[in-house]
Amino acid sequence: MVLEALENIRVVLGSQSPRRKELLARLGVDFQVLVLETEEFVDRRLSPAEVVVDIAQKKSEKFASEEFFDSLVITADTVVVHRNILLGKPKDSADAFQTLKSMQGEKHSVYTAVALRFQQKTYTFMEETIVELYPLSDQEIHYYINKFEPYDKAGSYGIQEWIGLIGIKSIEGSYENVVGLPTARLYQEIKSIL
């Protein structure tokens with residue numbers, strides 16, 4: 001079993017996202033968090049799927065030293081794409097409002113790329129989940145932004161928060177992927193590496 005194999009391997013999560021920490025802990029993996037600063041540069045020549053993979057790999061490259069040779073390092077990045085526009089984290093409440101308002105009653109894609117580094121090899125995968133929002137009133141959007149301050153979230157929302165309870169019409173794919181870490185796929189990928 002994967003968890004038994006991981007008992008003798010140092011697992012490092014290269015992310016300070018509380019949601020990724022919680023999801024990885026729920027998998028039963030014993031890990032430590034270590035974030036090495038990475039510039040999240042978006043190359044506009046790349047497709048959104050390529051952008052998210054590129055950023056996850058750049059985060060992984062920061063762990064290329066001998067110190068991490070026998071460690072399993074997990075890095076990830078998540079982006080939201082609506083009408084072919086890549087939506088990052090909002091700059092402020094006005095930006096968050098505009099983003100959420102534009103997505104009402106429509107579908108958008110959430111891409112999460114994960115890079116797994118083990119013994120100087122990097123294994124990367126990407127998951128896409130399609131989310132459709134119900135139309136929400138301006139008052140509901142403002143309530144969500146004021147109460148939950150989603151400034152650290154791609155697409156200006158967290159599906160695990162109030163807006164997810166009242167605003168999600170449909171979801172195609174992994175729910176955990178939208179939260180920030182596609183756990184079932186991650187488990188299967190770790191299994192294939194070990």
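1. Setting aside neighbours within four places in sequence, Gln119 has contacts with Phe69, Asp70 and Ser71. With Asp70 there is a side-chain to side-chain polar contact of 3.3 Å. The model is a predicted one.

2. Gln119 sits in the loop that runs between strand E5 (107–118) and strand E6 (121–133). Its relative accessible area is 36%, so Gln119 is partly exposed. Between Gln119 and Gly180 there are 61 residues in sequence and 25 Å in space, taken from C-alpha to C-alpha.

3. Lys59 belongs to helix H3 (residues 48–61). Is Lys59 buried or exposed? Lys59 counts as buried because its relative accessibility is 10%, and the cut-off for buried is under 20%.

4. Apart from neighbours within four places in sequence, the contacts of Lys59 are Thr38, Glu40, Thr75, Ala76 and Asp77. In the case of Ala76, the backbone oxygen is 2.8 Å from a polar atom of the Lys59 side chain.

5. The largest pocket has a volume of about 760 Å³. Its lining is made of 36 residues, and those nearest the centre are Arg20, Glu40, Lys59, Asp77 and Lys89. Glu40 and Asp77 are also among the contacts of Lys59.

6. Which elements each supply at least two residues of the lining of the largest pocket? They are helix H2 (18–26), H3, strand E3 (72–82) and helix H7 (175–179). E3 gives the most, with five residues.

7. By residue type, the lining of the largest pocket divides into 16 nonpolar, ten polar and ten charged residues.

Note on methods
Residues are numbered from 1 along each chain as its sequence is written. This is a predicted model: local features need pLDDT of at least 70, side-chain atom pairs count only at pLDDT 80 or more; totals for chains, interfaces and linings use all residues. Side-chain values use heavy atoms; hydrogens and water are left out. Helices (H or I, at least four residues) and strands (E, at least two) are DSSP runs, numbered from the N terminus. Buried means under 20% relative accessible area, exposed over 50%, partly exposed in between (1.4 Å probe, protein chains only). A polar contact is a pair of N or O atoms within 3.5 Å; within protein, one must be able to donate a hydrogen and the other to accept it, and residues adjacent in sequence count only if both atoms are side-chain atoms. Contact means heavy atoms within 4.5 Å. On a 1 Å grid over the protein atoms alone, a cavity is a set of points where a 1.4 Å probe fits but cannot get out, and a pocket is an open set with protein on both sides within 12 Å along at least five of seven lines; lining residues have an atom within 4 Å of a point. Grid points are joined across faces, edges and corners, and a volume is the space filled by probe spheres set on the points. Ala, Val, Leu, Ile, Met, Phe, Trp, Tyr, Cys and Pro count as nonpolar, Asp, Glu, Lys and Arg as charged, and the others, Gly among them, as polar.
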